[in-house]
Every structure is written in C-alpha cells, then in structure tokens.
Amino acid sequence: MRTTTVLDALSAWSLRQPEAPALQDPVRFFTWRSLVEAQNRAAGRLIESGIRPGDRVGVLGPLSADWAVAALGVLRAGAVLCPLNERLSAYELADVFERLGPSLVIAAERNSAVEGVVNGPRVVALETFDTYGGTAPLPDLPRDPARPVVVIPTSGSTGLPKGVVHTHESLLGAFFEWVLQAPELLRGRALNVSAMSFAAGLLNGFLGPLVLGGSVVLLPRWDPRTALALIRDEKITTFAATTIFYEQMAGLPAFADADLSSLTVAFTGGNPVTTELIDAWSAKGVGLRQAYGLTESSSNVTWPTVDLSLRSPESVGQGGILTRVVVADADGTPLPPGEPGEIRISGPGVAAGYWNDDALTAETMGDGWLRTGDVGVIDEHGALRVVGRTKDVIITGGMNVYAAEVERAALTLPGVVEVAVIGVPDDEFGETPALVIRTATPITEEDVLAHCRERLASYKVPRYVVLVTEPFPRTPSMKIDKSKVRRQNADIPAHHRRHGRKPQPA
C-alpha cells in the first residue's frame, strides 16, 4: 500500500507552482522548481559519497539556504537528518557523534570544532553542497510512514540534550493539524530567524511551511531592524519566535509606522509574554499569541486564539483539533480544573521516541501519552496555563512554588526586561525563591517586592531580589538558560539581603 511522505508534498508543490518563490536568504533565491532540482543534486552527491537510506547525516552551520538545500538532499537520499548545533565545542560534538553515529557531516567551512573531533565522521563542506554534476540515480525510497526523517536535539536548557526522532507520520500529522487550527498557514510566507538545529527553526520555520506549499525567507543573523523590514517588504504572513525578538522589534522607532498587515499568524513562546508586548503588537493589527510546545510534540501543542491572548495573556490556549492535553497527577489520573499537575499530551505530532534510548522512550511515552515534565493548570474552559517545570519547583516550608508563576508576576512590572526565579537554601524554609531581574529603568528591591506582594501569595514572594545589568545567558533557541543563571548566582544568600521575617537562631 502506498503511503505519503514529506518528500511527496515537496514534489507535488514543485509541479503545481514551479515558478512560485520557495526559499531565499540574503545570497540565494529558489523557486519551487529550482529548489527541488537543487535538493536532487545534493542527494546525488550524497549517494555518490556512499550514503544509503537509513544512514545518519549531520548538517552543521548557520541558518542559510545552503543549510536548507543540504538538509533536503539528506531527506531525498533517504538518510536521517541530524541537525547539529553550530555552537557546540569539539568535546560536545564528540558526544553527539557517539550517540548518533553519523556516517557523514556536512559542515560550514568556518566551523573548526567539527575538525577537532578525534575519530569523528567524514566531513564535507556545506557551502553550495548542491553543486554537483554527477549522474548517480536517486533511490526509490521505502514508503513507510514510520521511517525516521530527523533526529532533533532538545534545547538542553535543563540538562543533557536528547535526540528526538520524528517520522514522516509524526511530521505530516503535525502539519495537517496546524492548518486545521490556522488555515492561514497553507501557502503562507514564513520568516525564519531560528537555528535549524532546533524544532522552532527546522519545523515551524522551514519544513512545515514548505510541506504546506508556502515559502520561506531566512534571516541568518538576527537584527530587529532587518526583521521588521522583511515582514513589511516581503509581506510575511507567519512568524514564530521567542518573546525577546518581538520585544526588540517593538522597541524600534520604525515599528510605529511599519505596515505589518500581512502578518496574520504570529506565535511566541519559550518565555512569558507581557500584556504590554501583546498590546504593542495588537495596536499594529497583529494578534500575538503565546503558544506551548516542545520538540517531542513537533513544536506547537496549543493554539490560542488572538481573543484569548488578549483576555488571558497567561494562558497558552487549548489543545489541538486532534491533540489532547491533560493535567495529571503522578499516576496519570487527570486532575480537576484549577489543580496543578504534569502536562501530558497525546496526538498525531508526538515523536516516535528518543534515539537509541528505549528506556527513556518507554518512561516518557510508553502509555500513549507524552509526559512533558511541565506543570500546568487547566481552567474551567479547557485553557492551559503553564506554571513551571517539574524540575523547576521550589519547595519552601512544604509549599510548592513554581518559578514560572513568580516570573510572570514580575514581568508585569513596568520597565522589566528579563527575569529568572531560582531556589536558594534557606534556614527558615529549607528553600526559598530568589528573583534575578534586569530592568530598563532604575528600580529598587522594595519596588519589586511590593509589586510581587500585590500579585502573589505571601509564600511565593521572593525573599531575595538580585538586580543585574548584564543580559541573561540564553540557549541557542534564545530561551533563558536557567542552568547558567543558577551557576552565576550560586551564592545569593551570602551576598544579598534577605527580605521578610528573619530566620530565628537555632
């Protein structure tokens, strides 16, 4: 029985709209016809180099059309795409290579880390990888929907990155649900500013738009002025990025007069979004929606409406048309509205598992539900609010405080740029919240505490406020890197004033 693959969609669009734009960066431009031709040349080069269906092939380099074409060539050759984080050191890459076992790595010439890996895979240059004049026949690939397409690393903000396996079935299931939720994504024009080594860049900003017959504009180096101009001039219809990107564009003088009316689907996530930011984009006619997703779910899990984002900016919406989202206790029993528990997901976009880790796959997905490790609350209307990670819970005096809940409250203080809440040792409560905060205007610790007291129960109010001036460390996907924030602030009780009732001497 014939089944459908990601490659079938790309081939079909190249026949139906051969001269329509498909992919571009500041250097290269492809129509649908020329993109598929370049994809096939890249595949031919891989086959001539000995790559066979099922082999793993890494692609390592900055966001670019060269990267995109090489990746499509990997898929057309029947190999498994392994997007690699170009910021990794040789030591970190060696660990990735040992776990994934790639037969070949296509790497940017300027990346020296990959050359420093001892006993690593063969390496070839990424630049214009599709320049090929050979005659290697392209394989007639197995049409198995369960065949792996890509192994995507998780962001690694909470620990060692894991390799998430997505198949033709999981990707096509996810993309189909996307257009059920947001029909504007069909044949849309996407701006991609996210690294292809993560789900946001690879799926939301590249494969998804192409499978849905659209076009992709790549911005290799983030610049808010250029991004704003591209949305305006290229008539971008869909954009997904973490909140910091939207904040930087909204802060530009040109933002006030820019015509952004083409932008019909604007998603953000990764960090809490403020009411001020939603209002700023709403004034431009753009409904900024805070979605929830993760690599294991093909990115988007929830699809908030613009109206819900305006009414309840703390909410990330409901599950999908085909995706179920529940909040459950440790035994997997769904909890009633208003009660916090672990977010669990079941739907067509859930990954097949983790690469070469059957134990973790069974633990995380074995009962048909993806255990996210995130803590959420579902209200009486079915809308989800994310309150933290199961591993980012501060237990203070026997009470659970979710870091994300405190961070969201602090972000509503005018002038706040970045916040992170971490747990620190405390003689009175065992552990207590500490708020690390960066603002655009002068502020005092008392100002911050007074603001938090108005919005939080007393046991959730931070006992320590750390005012910083330097930007927070971030992961390559531009999420705040909590592990580094903790390391940078490991000695807060020794150097900062503790607010609230003083611990009594023993």
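Ala250 is found in helix α8, which covers residues 243-250; helices here are DSSP runs of H or I with at least four residues, strands are runs of E with at least two, and both are numbered from the N terminus. The model is a predicted one, in which local features need pLDDT of at least 70 and side-chain atom pairs count only at pLDDT 80 or more, whereas totals for chains, interfaces and linings use all residues. Residues are numbered from 1 along each chain as its sequence is written, and side-chain values use heavy atoms, with hydrogens and water left out.

Ala250 is partly exposed, because its relative accessible area is 23%, and the term covers what lies between buried, under 20% relative accessible area, and exposed, over 50% (1.4 Å probe, protein chains only). Leaving aside residues up to four places away in sequence, Ala250 touches Phe255, Leu277, Ala280 and Trp281, where contact means heavy atoms within 4.5 Å. Glu314 lies 64 residues from Ala250 in sequence, and the two are 20 Å apart in space, C-alpha to C-alpha.

From this residue the reader can turn to the sheets. Seven strands form an open sheet in the order β2-β1-β10-β9-β11-β12-β13, with mixed pairing; two strands pair if DSSP finds at least two bridges between them. At the edges stand β2 (29-31) and β13 (288-290), each of which has a single partner strand, so one side of each is left without a neighbour in the sheet. From one strand to the next the twist averages 25°, and angles of this kind run from 0 to 180 degrees between N-to-C directions, with axes taken as lines fitted to C-alpha atoms, for helices over the stretch in contact. Strand β12 (residues 265-269) and β13 pair in the parallel sense over three bridges, and Phe267 has Arg289 in β13 as its bridge partner.

Another set of pairings involves strand β5. This strand, residues 104-107, sends Leu104 and Ile106 one way and Val105 and Ala107 the other way, and all are buried. In a regular strand the side chains alternate between the two faces of the sheet. Strand β3 (residues 56-60) pairs with β5 in the parallel sense over four bridges, and Val59 stands opposite Ile106 in β5. Strand β6 (residues 122-125) also pairs with β5 in the parallel sense, over four bridges, and there Arg122 is the bridge partner of Leu104.

The axes of helix α1 (residues 6-16) and helix α2 (residues 32-48) come within 8 Å and cross at roughly 135°. That angle makes α1 oblique to α2, since angles under 35 degrees count as roughly parallel, over 145 as roughly antiparallel, 65 to 115 as roughly perpendicular and the rest as oblique. The contact is made by Leu7, Leu10, Trp13 and Ser14 of α1, together with Trp32, Val36 and Gln39 of α2. These residues divide into five nonpolar, two polar and no charged, where Ala, Val, Leu, Ile, Met, Phe, Trp, Tyr, Cys and Pro count as nonpolar, Asp, Glu, Lys and Arg as charged, and the others, Gly among them, as polar.

The strands β24 and β25 pair in the parallel sense over five bridges, with Val436 opposite Val466 in β25.

Ser299 has a phi near 75°, a positive value in a residue other than glycine, and is found in strand β15 (residues 299-300). Ser299 is buried, because its relative accessible area is 12%. Asn356 has a phi near 55°, again a positive value in a residue other than glycine, and its place is in the loop between β18 (353-354) and α11 (358-365). With a relative accessible area of 66%, Asn356 is exposed.
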